Amino acid sequence: MKKIKEKMDARELVRELKRVAKGIARDIRSRKNPAFNVPTRGADNFIYDEKKDLIYIGESMSQRSFHNTGTVTAFTQMLYVMSILYESAEREKHLTKREIYYQDPELFNKDQKTSDNIIEDIAVTLGVTRPCLRVVASAKGVCIGDLTLREGNDTFNCNSLGRGGWSISPFIDEVEIIDCGADYILVVEKDAALIRLIEEDFHKKNKCLLITGKGQPDIATRRLIRRLNKEEKLPVYVLTDSDSYGMQICSSYKRGSISLSFESAYLAVPSAKLLGLLPSDLDKFNVPKAARLKMTEWDLKKAQKMLEYPWIKNNKKWRKELQLMISRGEKAELQALAKHGITFMTDVYLPQKLESKDWI
Amino acid sequence: MKKISRKKAEEQIHNHIRLQSAEELLKRVDTGFGQKARAPFQTVVEGVQNAADAIDKAREVLLRSTGNDDYNAEIMVSVSVVDKSRGELQISIQDNGIGIPKNKVQIIVRAGGTGTIEYKASRSQQGIGWKAAAIYASQSTGKPMEIISKTFTEKIAHRHVYDYGKGKVTKVVEEPYEGEFPEHGTRVSLTLLGDYSRARGNIIEFIRRMAAIHPYITFILKENGNITKYEKRTSEGIPIPAPVPPHPNSVDIGQLKDLLAYQSRIRSISLAGFLKKNFCRIGDKKIKELIERATILQYFDQQNFFAGDIVKRIAQSEKVKELKKSPEKISAYLKTLVRDVDIDRDYAAKLYISGKLSNNIRSLDNNELKKLFKLDGQPLPKQIFTEKTTVNMILNDEKKVRLVAETLRSMSFPSPPMDSLMPIPKKTLIRGFVSIYNPEKHVYVERKPTSTSGRPVQVQVLGMYGGEISPDLRDQDKLIRIANCTPLIYEFGSDIITQTAREIDWSLYKLGKKGSLPSAPVIFVVHVTSPQLKYLGVAKQAIGADDVIAEEIKRALQAASRKLRKHVSMMEKHRLSGKAREFLEKHAEIVSESISKMTGEKKERIYKPLVQEIRRRRPIAVQATLTGG
C-alpha cells in the first residue's frame, strides 16, 4: 500500500510541486508523452483491510497523458491546479476548493465538481492528504462539549460558544487540543438530532462531546474525530437514522469512504461503533408502525449493494442488521423515537443503549 | 522492324479502303444530328475522331519508314458563323495526319464508310460519322462538303468538293490546291445550321478531354478567329494497335458476306483458305470441326429445333439448380423440362453438373453435341459445303453464307489476340486528367484484356479525389467516359459505364451510397477499348450493353474505389488530427504556462517542443489544410 504523507508544510509542498513540474518539463523536452499516473478513485479500486477494518485505495492507476485527446484535459487541469497550489503555498496561504474553481471555471467545464476531483487527484498522485495541499473545504461540522482548543491566538472551550457549538475549523490540523473533559464522543448524523441533544444538555449530563458532520462528513470533521480518538483516547459512538444511508455514513466515519479511500489511514476511526438507530432497535424499543417508513426502491438497492461490501459481508453484526432491514423493508428516522415522548431518546434510549453496550 | 519505303507503308495502310453501302440509310437512323444544339458538336466529334485516327496512321507511316513515330501532330477545329440570323456555321477540321490519296477521296466520301476491314480498335470505326455530318449539312444548308488533302508522298494537295444533295454523292470539284497547307494531312469543311452558343460548352469539353487523352497532339479551337490552344506535351503517343483479323465468334452474316465478296474480287479461293486468311484463331483442325459442325447445325435446322435454346433452357433453369448435383433427379426433371426434343437426359445431367452447359452451344464440342441430341445413327443431311468449296460458290448461295456464319458463331475458338487494343498509356491518362482537375489523390486501375463474343476488350479507370474537385458535380462530370480514346459526352444515362457505376454500392468505399453515382468529391475516368466496340447508336456517344464489358467496368471501378477508400479514411483521420492539433495546442498553452510558474523557466522552452511533438504525432496532409479539410 502506498504510504500517505499526513503532514507537509508549505515549503515542502512547494518543493514537491517544483519537482513534479520539472519532471514533466524534462519529458516534454525529450519529446516523451508527459503523463500523470493517478490512482483510480473509483468504486472498483479499493482494498479492504480486514484486520484493521479499513478501506484503502487500490493498485489500479489511470494514466493521464498529454498527447491523448481523451486525457489531455485532465492532464492540463492537474498541472494548472498544481500551479495555483504552488503560488498559494509559496505565500503560505490556504485556498478553498471554490477559490480554485473560480480561477478558471471554463477550464473546469463550469462545474466545481471537476476541480474538486482534480484536487483529490493531485493529492492522491503526490501521495499526500488534501490538507497537505493547503486546500480547505468549507467545513460544515459542529462540535459541542467540554473540549478546550487553541487555534492561532484563540483558546476556547466548545461548551462556551453558545448553543450552536463550535463550527469545526477547516484548518483542523493547525488546531491544538488543550484539554478534554469528555469521556466519549457521540457522533450524530444530522443537525435535527443534535439540536434535541443539546436542548436536553445531553453532553453536559453525560460528559460527552456531540459532533455532527451534517450528513456525509467532510474531512475536517472526520479529522477532528480521529484526532480526539487517537490523542484523547475517546471512544466514538455514532447515531444515525435507521436506513442504508445512515449505515453508510457510520461506515465512512469508521472505515473511510471509497472516494476518499486514499486518506483512510489518516481519517478513519476503526473503533467507532454504530449505536443506533439499529434496525433491531425498532422492535426492541417498540417504535410504532406509524413512525416506520417503507424503504424505497433506491434504499433497497443501496442496501443490497452494501451487503456485497466485504466489510459488511464479513462483519456478522453489521450484516445481520442490514439483512433485518432488507427483510422488513422498513426504515425509520431518529425522530421516530419521539413517538414515545420528546425526551425518550435522551432519557431512555441512549442511556439504555450505552449501558447495555448495544452497538455494532 | 523491317524498314520499307514511305510510299509502300502508305499503300499498305490505304489498301484496305474500299466501298461500302448506301447514303440513304444515314438519313433514317439517329446519327446525332437531331438537335440544332447537338449538330455542331456531333460534327466536331466526327471530324476530330477521323483527324486523330489520321494522325495515328501518319505515326504508323513514320514508324514503319523511319522507326520513330513522333512528330508535331496538330488538329485544328475552326468554327465560323457564316450567317448569324439563320444560324449558319462553317466547321472545318484540319489535321496533319496521313492524308487521303487523291484517287481514294471518291471512295471515302461515299456513305458506306471508309470501312477498313482491319480489325483493331480505332476511334472512328464504321467511318460513317463524318458522312452523316455531311448529309446533315447538305440537308440543312444545301452547301457541299470540301476536302483538301495531301499525303506524305503526293507532290501537291488537292481540293475536292462533293455535294450530298439529291440522295447521292456528286463530285463537284477536284483541283490542285495552291493555298497554305501542311506537309501532309486533311482538311474537311462543312456548312451547316446549328446553335453554336449552345453546342460550344460540350465542344470545348470534348476537345479538352481529347487533348487530355492525346498529349502528343496539339489541339487548336478557332472560334471566329479566337484561338484556344492545347499544346502537345509529350512525344509518347498511344501505342499503335496491331491489326488482327476478326475473331470467328464475332462475325455476322453481313460482315462475312463483305469479306467473301472482297476475297472473290481478288481471287476465288477455297473456304478453308478463306477462313484461315480472314479470321484469327482458325487452323486446319478447326476447319475440320467446322465442316462437321455445319452438318450438325443443318440437322437441327431440318428437325426444326433450336439446340441453343434447349441448352440455355437447362442451363438457366432454377429448378435444375435446386436439384444441385444429383444426376438422377436432374435427369428425371428434364423429362418435363425438355419435352419437345428427345435428348440424352442422363448425359445432359452429366454435362450440367460438369458445368458444360451455358447459354449457347459454343461450349459443347461436336461429339458432346451429337451425344446430347442423340445424333449417332441418325441419317445426317448432305453437306452443302466442304472445306474445298470456293468462295464464289458460297457467296452465290445465301443459305451457304448463313450456315458458315452461324457455324463460326456456334463453335468455340481460343480468345482473340489482345494487341488490337488501344489502351491509353497510364502516364498519359493520369497526367492528362490530373492536370485538369487537380485532385489531392488519384488512383489508376488497369484490367487485363479479356474478350467478349470474339472481340478483345480492356478497361482502364482513373479515380480522382478531393483537391479542386467539388462534391457538387453534376453526374455527367463525375464520370468521364472514354471509348477507344474518344471522350463521350452525350447519352450519359444510357451508357453501360453509367449504368454499371450506378449499381455499385459506393458506401463500401466511403464515396456515397448505393443506387446512384458517388456523392463524394470524386471523378472517375473510364476508358473502354475494343475493336468494333458496340455503341447504342450511329452517333457513338454511348457504349451498348455487354455483360463482359459491364463486369470489367464494375471490377475496375471497385478496385479504384478500394484504393481511394484508403485515402478517404486517411483524410478523415487527418481531418480529425487537424482538430486534435488545435485542441492539444490550446492545452499546450496552459500546460507550459503552469509549468513555467512552478519551475521558473521560460514558457517558450516548454511550449515549443510540446507543439513540435503534437505536430509530429498528428500529421496533416498539406492538401487537407489547403482545402480547409
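Trainee: Which residues in α2(A) meet which residues in α4(A)?

Mentor: In this predicted model, local features need pLDDT of at least 70, side-chain atom pairs count only at pLDDT 80 or more, and totals for chains, interfaces and linings use all residues. Residues are numbered from 1 along each chain as its sequence is written, chains are lettered from A in the order in which they are written, and side-chain values use heavy atoms, with hydrogens and water left out. On the α2(A) side are Ala74(A), Gln77(A), Met78(A), Val81(A), Met82(A) and Leu85(A), and they meet Thr114(A), Ile118(A), Ile119(A), Asp121(A), Ile122(A) and Thr125(A) in α4(A), where contact means heavy atoms within 4.5 Å.

Trainee: Why are α2(A) and α4(A) called roughly perpendicular?

Mentor: Their axes come within 9 Å and cross at roughly 80°; since angles of 65 to 115 degrees count as roughly perpendicular, the two helices are therefore given that description.

Trainee: What makes the pair Asp121(A) and Arg64(A) a salt bridge?

Mentor: The rule asks for a side-chain nitrogen of Lys or Arg within 4 Å of a carboxyl oxygen of Asp or Glu, and the side chains of Asp121(A) and Arg64(A) meet at 2.7 Å, N to O, so the pair qualifies under that definition. Because Asp121(A) lies in helix α4 of chain A and Arg64(A) in strand β4 (residues 61-65) of chain A, the pair ties together parts that are 57 residues apart in sequence.

Trainee: Which parts of chain A supply the side that touches chain B?

Mentor: α1 (10-29) and α2 (72-90) of chain A each supply at least two residues of that side, and α2(A) gives the largest share, 10 residues.

Trainee: How many residues are in contact between chain A and chain B, and how much area do the chains bury between them?

Mentor: There are 26 residues of chain A in contact with 22 residues of chain B. The two chains bury about 2200 Å², 70% of it on carbon and sulfur atoms, where buried area is the accessible area (1.4 Å probe) lost on being put together, summed over both. In chain A, Arg29(A), Arg31(A) and His67(A) lose the most area to chain B, together 29% of what that side buries.

Methods. Helices (H or I, at least four residues) and strands (E, at least two) are DSSP runs, numbered from the N terminus. Axes are lines fitted to C-alpha atoms, for helices over the stretch in contact, and angles run from 0 to 180 degrees between N-to-C directions. Angles under 35 degrees count as roughly parallel, over 145 as roughly antiparallel, 65 to 115 as roughly perpendicular and the rest as oblique.
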